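This briefing is for a reader new to the structure. Please look over the sequence and the model before reading on.

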Amino acid sequence: MSLAARLVVRRAGFTLDIELAAADGEVVALLGPNGAGKTTALRAMAGLIALDDGWIDLTGRRLDDPATGAFTAPEHRRIGVVFQDYLLFPHLSALENVAFGPRCRHVPRAEARRRATDWLERVGLAEHQRKRPRELSGGQAQRVALARALATDPQLLLLDEPLAALDARTRLDTRAHLRRHLAAHPGPTMLVTHDPLDAMMLADRLVIIEDGRIVQTGDAAAITTRPRTDYVARLVGLNLHRGHSDGTSVTVADGFTLTTATAQQGPVFVAFPPSAVAIFPEPPAGSPRNRWPAVIETVSRQGDNLRLELRGPITVAADVTPAAAVQLELEPGATVWAVLKANEAISYPA
Amino acid sequence: MGLLYRAPWASLPRRLTEPGVLDALRLSLLTATLATLVSLVLGVPLAWILARTTFPGRRLIRALVTVPLVLPPVVGGVALLLVFGRDGLLGRWLDAAFGITLPFTTAGVVVAEAFVAMPFLVITVAGALRGADARYEEAAATLGAGRWTAFRRVTLPLVAPGVAAGAVLCWARALGEFGATITFAGNFPGRTQTMPLAVYLALEQDLDAAIVLSLVLLAVSVTVLVALRERWVSGVL
């Protein structure tokens with residue numbers, strides 16, 4: 001167990017209180033909406049802000065512990081940080097930026113430059129080592145920032161929104177590149193992002209925080225199939241409802257019951273994808289169990305399909321093809337019948 | 001313009017080579033430069049403290065830094081005499097411990113000029129520091145740089161144009177310093193008589209001499225400012 005921490009930081013109107021752990025070689029993503037406290041957590045781990053309560057242990061060393069007054073300054077922590085906008089020193093070349101860390105640790109100049117050259121080669125920027133940060137593209141600057149953080153041989157690597165500043169195309173390349181380097185990093189890595197795709201592609205485990213608290217943890221599969229908050233459900237594109245289950249019958253709202261594929265007892269979440277909701281202009285024939293009348297609130301594009309927000313006994317999102325939308329004259333304000341395929345609705349304990 | 005119009009052009013070469021003129025000029029340039037160095041050594045850290053730290057009484061310190069800007073320089077000179085004079089608070093101690101007396105010496109000129117000119121440097125550098133992104137210092141810290149290393153290798157280079165601009169302003173102000181200098185250091189040719197003092201003295205005896213001295217001071221300061229502006233502070237001043 002390489003990193004173990006309980007981070008408590010109090011600010012006016014906001015309290016961060018989370019427990020984190022990461023093993024050697026593990027990549028953990030801190031995922032959450034803006035203002036959830038992700039960056040605060042990262043800054044606390046780096047030592048750029050002091051904890052108000054809790055503790056930070058890194059490879060058996062206590063770095064911060066307000067209870068005993070122990071606090072290790074950031075320059076003595078051996079934690080590498082890749083900042084959101086990289087913060088490459090503008091007056092130094094790429095090589096000097098990467099050599100900065102080793103130089104601060106009293107590595108002789110020639111050796112520091114050799115290490116920096118080596119790292120720039122590893123991130124594929126050997127021919128750019130003399131360039132100033134402003135002469136580098138966004139993707140190149142990101143790689144220099146990564147090389148600079150790794151060149152200090154850190155015991156913990158922290159990345160703050162490492163891909164947020166990049167355009168969509170550079171992002172794909174850089175993500176794949178980053179993934180390789182994170183896999184090669186022997187210590188634990190903590191990654192902060194608000195992008196679920198980045199988190200799932202780069203991390204072994206996700207920790208989702210909202211309002212300074214952890215709301216859900218797990219690997220990508222658990223998070224994508226079993227969201228536990230509206231925020232997570234939206235991130236992974238599922239409808240989520242809370243209810244009370246009796247077998248496969250779940251009461252989700254006043255007297256409104258859904259039938260699910262799974263059987264549970266007691267308080268549960270029910271999740272289903274928008275594609276599991278079919279739309280009919282009239283009450284469907286036969287007697288499908290999960291059906292209800294609904295009013296279309298909004299219609300928006302979602303990939304190749306159209307996404308409908310439906311107001312009814314429960315609020316759900318449904319996906320329909322553009323052809324169906326035209327045929328059924330689906331417009332905001334129209335009243336339709338929604339039918340949920342029971343075999344695509346799963347329930348799990350709340 | 002007025003100076004140029006009234007200048008005694010015919011006798012200019014002779015007057016320029018009078019020994020008193022060159023002495024005063026040399027002394028002016030020397031003391032202004034030394035005063036700028038003193039201001040850099042004391043003023044840059046002070047600016048950093050004002051821009052980057054918070055402590056009780058910071059507002060008071062900031063106000064005190066700007067006092068020499070609004071204080072009549074003569075009053076500043078009197079204050080310096082009270083502190084560094086032979087019977088002054090620090091002067092007595094300096095005299096007893098090291099045998100150093102500042103008033104009416106060349107070193108006294110430097111002190112007086114630095115006292116009056118340093119606020120220009122401090123305010124300019126503090127402004128540049130506030131404009132510079134403090135997160136670069138945080139990035140340096142995560143790379144293992146202590147505060148001093150981060151300041152020297154990251155912050156200072158980032159605000160170098162601001163420091164240069166502040167130093168130029170400071171030097172220019174020191175070069176023209178009159179009131180505090182004459183009060184604290186007196187008016188001894190070759191020792192404490194800088195150009196502005198020489199101009200003032202000449203004005204009472206020989207108007208043409210005063211005009212010549214003024215022209216020299218004007219020419220030197222304009223030349224230096226233009227040269228520095230080209231080399232160091234283009235786009236800042």
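Predicted model: local features only at pLDDT ≥ 70, side-chain atom pairs only at ≥ 80, totals over all residues.

Residues are numbered from 1 along each chain as its sequence is written, and chains are lettered from A and ligands numbered from 1 in the order in which they are written.

**Contact between chains**
- In chain A, 17 residues are in contact with 14 residues of chain B (C-beta atoms, placed from the backbone, within 7 Å).
- On the side of chain A that touches chain B, the elements giving two or more residues are β7 (79–82) and α2 (94–104) of chain A (helices, H or I, of at least four residues and strands, E, of at least two are DSSP runs, numbered from the N terminus).

**Sheet in chain A**
- An open, antiparallel sheet has 5 strands in the order β14-β18-β15-β16-β17 (strands pair if DSSP finds at least two bridges between them).
- Its edge strands, β14 (277–280) and β17 (316–320) of chain A, each pair on one side only.
- Strands β15 (residues 291–302) and β16 (residues 305–311) of chain A are joined by 7 bridges in the antiparallel sense.

**Loop residues with positive phi**
- A:Leu87 is not a glycine, yet has a positive phi of about 50 degrees; A:Leu87 lies in the loop between β7 and α2 of chain A.
- A:His106, also not a glycine, has a positive phi of about 65 degrees and is in the loop between α2 and α3 (109–122) of chain A.
- A:Leu87 is buried because 24 other C-beta atoms lie within 10 Å (buried: 20 or more; exposed: 12 or fewer; partly exposed in between; C-beta atoms placed from the backbone).
- A:His106 is exposed, with 8 other C-beta atoms within 10 Å.

Conventions. Contact = placed C-beta atoms within 7 Å.
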